[in-house]
Amino acid sequence: MTTFIALLRGINVGGHNKIKMADLKQLLGSLGLMNVETYIQSGNVLFEANQDESSLQRLLEKEIKKAFGLTVTVVLRTGKEFLQVANHCPFTEAEIRSAQAAAAGECLHVAFLLKQPTAEGVELLKPYENDAEQYHIAGREVYLLYHDSIRNAKLGSRLHKLGTPATVRNWKTLLKLTSMIESRDVR
């Protein structure tokens with residue numbers, strides 16, 4: 001069995017695309033996924049399965065549509081991949097402290113991409129980086145550092161230019177999910 005994290009894009013945001021986590025947990029359990037846990041209402045699910053990522057993604061999107069009537073992008077990472085994201089933040093402690101001192105709310109986020117971005121998409125995102133909004137792309141993740149607020153940021157709202165769906169989680173959520181993974185025997 002492989003441990004996976006499913007990150008659902010755009011659910012329970014601003015009262016839209018509502019899915020109760022208890023209902024989502026029950027749905028995933030009914031699909032034969034094991035040890036299903038959810039974390040907060042933004043669509044973070046930890047589970048174990050024997051399927052590959054691509055098959056699981058198609059299955060989850062299809063079953064969520066059938067059960068809740070919502071078309072939701074599901075971004076998956078194995079537990080090991082998720083731990084690598086947490087352990088390889090490209091920003092220094094000094095850069096993060098500086099952003100924290102200036103930011104309204106959380107300053108450090110990670111955008112999890114469905115696929116690796118195209119070179120053209122990366123070029124289209126470059127004009128939106130500045131002293132207040134920085135990013136670093138590593139494979140299928142984009143680390144985002146804001147010195148103001150994610151709500152006012154132009155960079156985050158331009159992630160679609162990368163040519164693949166993205167779902168963003170703040171660093172606190174990432175660390176909580178990491179601790180949930182670490183409490184399991186991750187393979």
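**A pocket, a core and a glutamate**

Modeller: Let's start with the second largest pocket, lined by Cys89, Phe91, Glu93, Ile96, Gln100, Gly105, Glu106, Cys107, Leu108, Trp171, Lys172 and Leu175. This is a predicted model, where local features need pLDDT of at least 70 and side-chain atom pairs pLDDT 80 or more, while totals for chains, interfaces and linings use all residues. Residues are numbered from 1 along each chain, and side-chain values use heavy atoms, without hydrogens and water.

Colleague: What makes a residue part of a pocket lining?

Modeller: On a 1 Å grid over the protein atoms alone, a pocket is an open set of points with protein on both sides within 12 Å along at least five of seven lines, and a lining residue has an atom within 4 Å of a point. Here the lining has seven nonpolar, two polar and three charged residues.

Colleague: Why is Glu63 called buried?

Modeller: Buried means under 20% relative accessible area, with a 1.4 Å probe and protein chains only. Glu63 has 11% relative accessibility, so Glu63 counts as buried. Leaving aside neighbours within four places in sequence, Glu63 is in contact (heavy atoms within 4.5 Å) with Leu27 and Leu31.

Colleague: What makes a set of residues a nonpolar core?

Modeller: The members are buried Ala, Val, Leu, Ile, Met, Phe, Trp, Tyr and Cys residues, joined through side-chain atoms within 4.5 Å. The largest such core has 23 residues, of which Phe82, Phe112 and Leu174 touch the most other members. Apart from this core lies another, of 21 residues, including Ile11, Leu27, Val36 and Phe47.

Note on methods
On a 1 Å grid over the protein atoms alone, a cavity is a set of points where a 1.4 Å probe fits but cannot get out, and a pocket is an open set with protein on both sides within 12 Å along at least five of seven lines; lining residues have an atom within 4 Å of a point. Ala, Val, Leu, Ile, Met, Phe, Trp, Tyr, Cys and Pro count as nonpolar, Asp, Glu, Lys and Arg as charged, and the others, Gly among them, as polar. Buried means under 20% relative accessible area, exposed over 50%, partly exposed in between (1.4 Å probe, protein chains only).
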